[in-house]
Amino acid sequence: MSGKPILNDSIRNKVTQLEYKGLSGKEKEIKRIYKESTGKEPPPFKIYSSDEMNIGKEV
């Protein structure tokens, strides 16, 4: 791995906006955003919700 982020700020912002609507079932839309932004097919990915990552929860 090169250590370089796969998602640039523009892609990350668009995907974050989708999360507010729930990312479940949004794989095609995320792939479209990535391809429009980079001109390349996205690498394989898995979507994790904020709940799964314990984001926004007190530990």
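1. Helices are DSSP runs of H or I with at least four residues, numbered from the N terminus. The expected span of a helix is 1.5 Å times one less than its number of residues. Helix H2 covers residues 27–38. Its 12 residues should span 16 Å, and the end C-alpha atoms are 16 Å apart, which agrees.

2. On provenance: this is a predicted model, in which local features need pLDDT of at least 70, side-chain atom pairs count only at pLDDT 80 or more, and totals for chains, interfaces and linings use all residues. Residues are numbered from 1 along each chain as its sequence is written, and side-chain values use heavy atoms, with hydrogens and water left out.

3. After H2 comes Gly-39. The phi of Gly-39 is positive, near 80 degrees.

4. The whole structure holds 4 salt bridges. A salt bridge here is a side-chain nitrogen of Lys or Arg within 4 Å of a carboxyl oxygen of Asp or Glu. One network links Glu-29, Arg-32 and Glu-36. Glu-29 meets Arg-32 at 3.7 Å, N to O. Arg-32 meets Glu-36 at 3.0 Å, N to O.

5. Why does the spacing in H2 matter for this description? An α-helix has 3.6 residues a turn, so residues three or four places apart point the same way. Glu-29 and Arg-32 are 3 residues apart in H2, about one helical turn. Arg-32 and Glu-36 are 4 residues apart, again about one helical turn.

6. Glu-36 counts as exposed, at 57%.

7. Lys-35 pairs with Glu-41 in a salt bridge, with the closest N and O atoms 2.6 Å apart. Lys-35 is partly exposed at 41% relative accessibility, and Glu-41 is exposed at 54%.

8. Ile-55 lies in the segment after H2. At 54% relative accessibility, Ile-55 counts as exposed.

Definitions and conventions. Helix = DSSP H or I, 4+ residues; strand = E, 2+ residues; numbered from the N terminus. Buried < 20%, exposed > 50% of the residue type's maximum accessible area, 1.4 Å probe, protein only.
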